[in-house]
Amino acid sequence: MPAIIPTRPVTRLALAALAPLAGLMLMGMATPPGQADESAASTERDKVPLMSDLENVQADLDHMQEHQIPMLMFFHATYCTYCQTVDDEFLQTMANDPDYEGRLIIRRVEIDSDLPEIEWQGTSYTPVEFARLQGVQLVPEVIYFAPDGKQVVDELKGVTVPDFYPQYLDQRLRAAERCIEDPTLDVCTDGIDQPRRDLTRTD
């Protein structure tokens, strides 16, 4: 049965009696600070997923700079069985592992697809155009980038020893994290097979 709202004015005594209850009600309606932080963090994670197709280079760079984390960029193709292995068995595993959450973002570039278009420096590129600009000729290839947009550590090309591939990924991630702290370390540039790629430049 619905409650009847009284039409009589509320007395001062009634207000005095209800005042403490109002405080409790407001406290109950408020979100606890920790829960609010978790909700904000969850929203942020939803905006910039840990793993997805590369679509907006600048948005990813902004996120990397804000959180001081590297990007793992994975170049692959649908016709490449090794690429499928890397994607399914290694990168998806990283993306689902809580130990990697908040440490990096993973971006995929499928070179035999026209979509999604990749926004870079105010221009839209197909994945294969973007791959050519990055000097990628064979797949699978993994490249790590620091928050300043520059490539760090040497590329990981092909799949020579699948059993050790997760260690190769992890070693390069740890090296990339060290390079964010100190870009002058030898590991940041040793072994790179061409001039360091730079996501802040298209020339």
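Of the 203 residues in the protein chain of this predicted model, 36% count as buried, a term that stands for under 20% relative accessible area, with exposed meaning over 50% and partly exposed the range in between (1.4 Å probe, protein chains only). The chain exposes about 12,400 Å², of which carbon and sulfur atoms supply 54%; accessible areas come from the Shrake-Rupley method with a 1.4 Å probe, and for residues only the protein chains shown count as cover.

Because the model is predicted, local features need pLDDT of at least 70 and side-chain atom pairs count only at pLDDT 80 or more, whereas totals for chains, interfaces and linings use all residues. Residues are numbered from 1 along each chain as its sequence is written, and side-chain values use heavy atoms, with hydrogens and water left out.

The secondary structure comprises six helices and seven strands, where helices (H or I, at least four residues) and strands (E, at least two) are DSSP runs numbered from the N terminus. Read from the N terminus, the elements follow the order α-α-β-α-β-α-β-β-β-α-β-β-α. Among contacts (heavy atoms within 4.5 Å) with a separation of 6 or more, 69% are made by residues 24 or more positions apart.

The whole structure holds four aromatic pairs, in which rings of Phe, Tyr and Trp (its six-membered ring) have centres within 6.5 Å, with planes under 30 degrees apart counted as stacked, over 60 as edge-to-face and the rest as tilted. The rings of F75 and F130 are stacked, because their centres are 6.4 Å apart and their planes stand at 15 degrees. This pair links distant parts of the chain, since F75 lies in strand 2 (residues 71–76) and F130 in helix 5 (residues 127–133), 55 residues apart. F75 is buried, with a relative accessible area of 0%, and F130 is likewise buried at 0%. F130 also pairs with W120, edge-to-face because the centres are 5.1 Å apart and the planes at 70 degrees. Ring pairs link F75, W120, Y125 and F130 into a cluster.

The search also finds two disulfides, each a pair of cysteine sulfur atoms within 2.5 Å. C80 is joined to C83 with an S to S distance of 2.3 Å, and this link is right-handed, with 85 degrees about the S-S bond. C179 is joined to C188 at 2.1 Å, and here the torsion is about -110 degrees, so the disulfide is left-handed. C80 and C83 are buried, as are C179 and C188.
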